[in-house]
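Please look through the sequence and the model shown here before reading on.

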Amino acid sequence: MGSSEKGSKDVMSDIPTFSVENLQNNLKVIQNSRTFLSIIAGVLAGVIGFTGLTGFVFYFVVMLITSVGLMAKAGFSADLYFDSWNRVLFDGFLGGLMSFVLFWTFAYDLVHIF
């Protein structure tokens, strides 16, 4: 009976536990950094004069660099700070795309049309 109790305790210690507040704060940091970099990339793409597919490729490259930067900041061990790798790689991706397009077209209009 003593060995089965010890075995169940070992199994329970292998289950990762997360603080909800810390996990939410980490996700908020990812969201804010993606939104900020999307705005900066949109303005930069508009000022440079990217149009069409080139602008969207620029956005994907910026988001790839952002994902690598966030992983580097986490020490390439996302399982310590997030519940999955997908959170780091894809969270805030579409919201950032909308911000990118908004500021891309705004900066392009200001610099190249007016």
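The expected span of a helix is taken as 1.5 Å times one less than its number of residues, and helices (H or I, at least four residues) and strands (E, at least two) are DSSP runs, numbered from the N terminus. With that in hand, α3 has 21 residues and reaches 30 Å from its first C-alpha to its last, close to the 30 Å expected at 1.5 Å a residue. The model is a predicted one, in which local features need pLDDT of at least 70 and side-chain atom pairs count only at pLDDT 80 or more, while totals for chains, interfaces and linings use all residues. Residues are numbered from 1 along each chain as its sequence is written, and side-chain values use heavy atoms, with hydrogens and water left out.

The chain has five helices and zero strands, and from the N terminus on its elements run α-α-α-α-α. Of its 114 residues, 27% count as buried, where buried means under 20% relative accessible area, exposed over 50%, and partly exposed in between (1.4 Å probe, protein chains only). Where contact means heavy atoms within 4.5 Å, residues 24 or more positions apart account for 81% of the contacts in the chain with a separation of 6 or more.

In α3, the buried residues are G55, F58, Y59, V62, M63, T66, S67, L70 and M71, and what covers them includes α2, α4 and α5. The axes of α2 and α3 come within 10 Å and cross at roughly 145°, the axes being lines fitted to C-alpha atoms, for helices over the stretch in contact, with angles that run from 0 to 180 degrees between N-to-C directions. To this contact α2 brings I30, S33, R34, L37, S38, A41, L44 and A45, and α3 brings F58, Y59, V62, M63, T66, S67 and L70.

Helix α5 (residues 93-113) has 21 residues and reaches 29 Å from its first C-alpha to its last, close to the 30 Å expected. Its buried residues are G96, L97, S99, F100, W104 and A107. Seen down the axis of α5, these buried residues fall within an arc of 165°, so they line one face of the helix; the arc is that of the directions from the helix axis to the C-beta atoms. On the other side of α5, L94, M98, L102 and I113 are exposed, whereas the buried residues pack against α2 (20-48) and α3 (53-73).

Just after α3, G75 takes a positive phi of about 75°. Most residues other than glycine have a negative phi, yet phi of F76 is near 55°, a positive value in a residue other than glycine. F76 has its place in the loop between α3 and α4 (85-90), and at 53% relative accessibility F76 counts as exposed.
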